[in-house]
Amino acid sequence: MSLLEVDDLRVSFSARHGEVAALDGVSFRVDEGETLGVVGESGCGKSIMALTVMGLIPHPPGRITGGSIRFRGEELVGAKTSRLRRLRGAEIAMIFQEPMTSLNPVFRVGDQIAEAVLLHQDVSKAEAWNLAVEFIRTVGIPEPATRARAYPHELSGGMRQRVMIAMAMSCRPRLLIADEPTTALDVTVQAQIFGLMRDLQEEFGVGIIMITHDMGAIAELSDRVAVMYAGRIVEHGTADEILDTPLHPYTRGLIACIPTFGKETGKVERFPPLEEIPGIVPPLHLLDKGCAFADRCALVHDACGVAPPLSGGPHSVACHAAGGPA
C-alpha cells in the first residue's frame, strides 16, 4: 500500500467566468521514503494540488468535484474537518513557498515550532520548547537555543526556510509536501536545503512531494517525476526517464531551458543560447476539449483537437505526438 494515493482528482473554483477546473483528473502516488517531484510553470496547478491534499482549499470558492485522496488507505475526500486538522502537522506537513509570510512576525520562532508540538503531542510547554530547540539543531542552525528566541525578521532567508522545515518535521510526519522550498534562496543555500531534506528523509523515512519549476531541483532530489500543465499531469515516470528520454514536448522544453556548460570536458567553454517555450500557460477558463499545450507546441496536428489521455505504462505521457522530433 502506498503512503499517498491520488486518483482522478478534480478541483474547480467558482469565478466570474463560471466554474473553472483547476485540477482535471490528476493521479499519482507516493511511497514511504520516496520523493515525487512535481514540476511545471506557475499556474499549472502544482500548489492547488498540494493544498487539496492538505485539505486547505477554501470552500467556497473551491471544491473537490471528483476523485480520491487516500492517505495510508484512509479516504480524505469528504473527511470531517476535525479529522483533517488532526492529520495536518502530525501525519502530513507542508513547507510553504515563502517563509517570511508563513511565519508569524510577532512570535519567536521557537514558540511557533513549540506550538505545533503542543498541538499534536502530549507534552508540557517546557518539553515542547526543548523539542523545538532540538529540531532547530537538527536542521543545522548554529546556536539553536539562541536562535529559538529570535523573531523571523532577525534570521536570514536560509535560516527562516530551515525553521519552516523544523516546524514541518517537529511532529515527525509521514508525508512532507515542499512547495518551492528554495524560492529566492541563492544556490549555495539551495544545496544546503536539498541536503537537509535528504538527511531528514533518511533519518525519519518520510515520503516527500517536491513541488518546483526547477528541473535542476528535480534532478537533485526526485525518485519519480510528474510534469503538470494546465491542471493535468502530462508526463510521469522515474527521474532518469524524464530527464534522459522526455516524451512530451512541454517536458522537453523545460529541460531545454537548463543551462549546459561544457559537458564533455567538464569546463565552462561557452554559454550556449538558452531555448524558451513560446507563449504562456493559458487561462484555465479558456481551455477547451483539445490539448492545452497545442498553442505552444511545434508538433501540433489535427488529432490535438482532442486532449490525449495519460497512457503508456510506468513512463506515461499525454501526447498524440509523443516521442516525435524534438
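The largest pocket in the predicted structure has a volume of about 630 Å³. Its lining consists of 23 residues, and those closest to the pocket centre are Gly-89, Gln-112, Ala-116, Leu-119 and Met-167. Three secondary-structure elements, β6 (92–95), α4 (109–120) and α7 (157–169), each contribute at least two residues to this lining. The largest share belongs to α4, which provides 6 residues. In terms of residue class, the pocket lining comprises 13 nonpolar, 6 polar and 4 charged residues.

Helix α4 also takes part in contacts with two other helices, α5 and α7. The α4 and α7 axes approach to within 8 Å, with a crossing angle of roughly 20°. Angles under 35 degrees count as roughly parallel, and α4 and α7 are therefore assigned to that category. The crossing of α4 past α7 is right-handed. On the α4 side the contact involves Val-109, Gln-112, Ile-113 and Ala-116, and on the α7 side Val-163, Ala-166 and Met-167. This contact is made up of 6 nonpolar residues and 1 polar residue, with no charged residues. Gln-112 and Ala-116 of α4 and Met-167 of α7 belong to this contact, and these three residues are also among those closest to the centre of the largest pocket.

For α4 and α5 (residues 125–138), the axes likewise come within 8 Å, but the crossing angle is roughly 120°. The two helices are therefore oblique to each other. As α4 passes α5, the crossing is right-handed. Helix α4 contributes Gly-110, Asp-111, Ile-113, Ala-114, Val-117 and Leu-118 to the contact, while α5 contributes Lys-125, Ala-128, Trp-129, Leu-131, Ala-132 and Ile-136. The class composition of the contact between α4 and α5 is 9 nonpolar, 1 polar and 2 charged residues. Ile-113 of α4 takes part in the contact with α5 and also in the contact with α7.

The largest cavity holds about 70 Å³ of space. Its lining is formed by His-248, Pro-249, Cys-291, Phe-293, Ala-294, Cys-297, Leu-299, Val-300, Cys-304, Cys-319, His-320 and Ala-321. By class, 10 of the lining residues are nonpolar and 2 are polar, and charged residues are absent.

Backbone geometry was examined in two loops. In the loop between α1 (46–54) and β4 (62–71), which contains Pro-60, the peptide bond from His-59 to Pro-60 is cis, with omega near -10°. Pro-61 is also placed in the loop between α1 and β4. The peptide bond from Pro-60 to Pro-61 is cis, with omega near 10°. In the loop between α5 and α6 (144–147), the residue of note is Glu-143. Glu-143 is not a glycine, yet has a positive phi of about 50°.

Conventions. Residues numbered from 1 in each chain as written. Predicted model: local features only at pLDDT ≥ 70, side-chain atom pairs only at ≥ 80, totals over all residues. Heavy atoms only, no water. 1 Å grid on protein atoms, 1.4 Å probe; cavity = no way out; pocket = protein on both sides within 12 Å on 5 of 7 lines; lining within 4 Å. Points joined across faces, edges and corners; volume = space filled by probe spheres on them. Helix = DSSP H or I, 4+ residues; strand = E, 2+ residues; numbered from the N terminus. Nonpolar A, V, L, I, M, F, W, Y, C, P; charged D, E, K, R; others polar. Axes fitted to C-alpha atoms, helices over the stretch in contact; angles between N-to-C directions. Parallel < 35°, antiparallel > 145°, perpendicular 65-115°, else oblique. Left-handed = near helix turned anticlockwise from the far one by under 90°. Contact = heavy atoms within 4.5 Å.
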